[in-house]
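Please keep the sequence and the 3D view open while reading.

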Amino acid sequence: MIDDMWGIHLHIMLLARRYRRMFGKDISAYRLKRHIAKLKKRTKPQWADLPSQVVQDVVLRYGKSQDAFFQNKKDRKAGKTQRKVGRPKIKPRHKYNSMTFTQAGYTLEDNRIKINCIDTWFSFHKHREIEGIIKTITIKRDRCGDYWIYFSCENVDDSKPKSKTGKSAGFDYGNKTFLTSDAGEKIDSPQFLKQSLKTLRSLNKALSRKVKGSNNWYRAARALARLHRKIARQRTDWQWKLADELCTTFDTLCFETLNLDGMKRLWGRKVSDHAFYQFLQILEQKCAKHGKTFVQIGRWTATTKPCSNCGYHNKELSLSDRQWTCPDCGSHHDRDVNAAINIKRAGLETA
């Protein structure tokens with residue numbers, strides 16, 4: 001059924017591309033919905049068997065991508081961002097892996113769901129009770145071939161604010177030490193990708209020896225996908241626990257904005273293994289839930305070279321200098337701790 005959704009997605013993308021070439025403008029999502037409705041009655045009668053709201057969601061995804069493209073153009077012209085978002089592109093069949101039900105097309109009973117168009121019941125593991133009003137249900141297929149069901153609900157009050165501690169902290173991100181606080185505490189990343197590197201290499205070699213498209217090739221590809229999924233889950237679990245610990249200890253958390261894409265070009269796999277941007281997203285969500293303050297200072301704010309004691313700007317400081325002494329006031333600094341103090345000071349000014 002997800003493959004049928006991909007067929008509609010392919011038709012929409014090719015039609016939008018042809019429309020832009022012929023008329024010099026983009027087709028609207030409203031016109032696409034009308035077009036799909038006509039095709040159901042004429043040349044694509046098989047699409048009529050699919051849930052109508054699921055089909056409409058395929059068009060809505062195209063509309064959201066178009067809106068993101070045009071909004072990004074406005075933001076770049078206004079100087080708000082340098083990140084570039086391209087036009088919607090055709091997804092390969094194996095990457096189009098989800099479908100969304102909004103208000104109809106399914107029947108839900110306890111831990112069973114029935115897809116009305118195929119008249120089949122499916123059981124799923126419900127790890128907790130569903131609270132609030134269900135707005136959308138998304139069924140997603142991962143690269144391991146497993147199916148997951150996601151419930152999006154409203155009127156759910158799951159916020160449990162943590163007690164206030166009156167403490168604030170600044171943190172500096174580094175390659176050698178994942179986080180360094182202004183108090184000198186250092187937090188190392190487990191680097192789960194590095195731990196599994198030997199097994200990853202073995203599975204990649206096994207996959208490369210198989211004939212692509214054969215049963216053994218698919219079996220080896222799933223084994224590799226399962227290991228990547230395990231690594232991602234380990235990393236995410238560790239980051240959630242760390243974010244919860246930081247929110248319990250501090251009321252205000254200050255971080256700096258980094259050019260992570262540039263860092264990946266320099267240091268590659270280690271930066272990806274840390275997944276610092278993902279951690280910031282998790283921490284921001286945790287802070288919003290527990291009533292804590294999350295602050296990110298600007299990318300161009302000087303934090304490493306200024307002395308946290310007197311403000312002297314050490315222009316001679318290089319990346320290999322982990323310890324340095326201020327020539328103006330004589331203070332001895334750990335490079336990361338000094339940066340964390342400056343991040344905290346700048347963050348509290350903007351908080």
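A crossing is called left-handed if the near helix is turned anticlockwise from the far one by less than a right angle, and right-handed if clockwise. By that rule, H5 passes H6 in a left-handed crossing. The model is predicted. Two packed helices are described by the angle between their axes and the distance between the axes.

**H5 against H6**

- Helix H5 spans residues 197-208 and helix H6 spans residues 215-249; their axes cross at roughly 160° and come within 9 Å.
- That angle makes H5 roughly antiparallel to H6, because angles over 145 degrees count as roughly antiparallel.
- From H5, the contact uses Thr199, Leu200, Leu203, Asn204 and Leu207.
- From H6, the partners are Trp217, Ala220, Ala221, Ala223, Leu224, Leu227, His228 and Ile231.
- The residues of this contact of H5 with H6 comprise 10 nonpolar, three polar and no charged.

**H6 against H9**

- H6 also packs on helix H9 (residues 276-290), at an angle of about 40° and with the axes 9 Å apart.
- H6 is therefore oblique to H9.
- The crossing of H6 and H9 is right-handed.
- H6 contributes Arg235, Thr236, Gln239, Trp240, Leu242, Ala243, Asp244, Leu246 and Cys247 to the contact.
- H9 contributes Gln278, Phe279, Ile282, Leu283, Gln285, Lys286, Cys287 and His290.
- By class, the residues of the contact of H6 with H9 are nine nonpolar, five polar and three charged.

**H1 against H3**

- Helix H1 (residues 2-23) packs on helix H3 (residues 52-77) with axes 10 Å apart and an angle of about 40°.
- H1 and H3 are therefore oblique to each other.
- H1 passes H3 in a right-handed crossing.
- Met5, Ile8, His9, Ile12, Met13 and Ala16 of H1 touch Val54, Val55, Val58, Val59 and Tyr62 of H3.
- The contact of H1 with H3 has 10 nonpolar residues, one polar and no charged.

**Largest pocket**

- The largest pocket holds about 1,200 Å³ of space.
- Its lining has 31 residues, and those nearest the centre are Phe124, Trp148, Ile149, Tyr150 and Phe151.
- At least two lining residues come from each of H1, strand S1 (98-101), strand S3 (112-115), strand S4 (120-123), strand S5 (133-141) and strand S6 (147-154).
- S6 gives the most to the lining of the largest pocket, with seven residues.
- The lining of the largest pocket divides into 18 nonpolar, four polar and nine charged residues.

**Second largest pocket**

- The second largest pocket has a volume of about 900 Å³.
- It is lined by 30 residues, with Met263, Trp267, Thr304, Leu319 and Arg335 nearest its centre.
- Strand S7 (168-173), helix H7 (260-267) and helix H10 (335-350) each supply at least two residues of that lining.
- H7 gives the most to the lining of the second largest pocket, with four residues.
- The lining of the second largest pocket has 11 nonpolar, 11 polar and eight charged residues.

Methods:
Residues numbered from 1 in each chain as written. Predicted model: local features only at pLDDT ≥ 70, side-chain atom pairs only at ≥ 80, totals over all residues. Heavy atoms only, no water. Axes fitted to C-alpha atoms, helices over the stretch in contact; angles between N-to-C directions. Parallel < 35°, antiparallel > 145°, perpendicular 65-115°, else oblique. Contact = heavy atoms within 4.5 Å. Nonpolar A, V, L, I, M, F, W, Y, C, P; charged D, E, K, R; others polar. 1 Å grid on protein atoms, 1.4 Å probe; cavity = no way out; pocket = protein on both sides within 12 Å on 5 of 7 lines; lining within 4 Å. Points joined across faces, edges and corners; volume = space filled by probe spheres on them.
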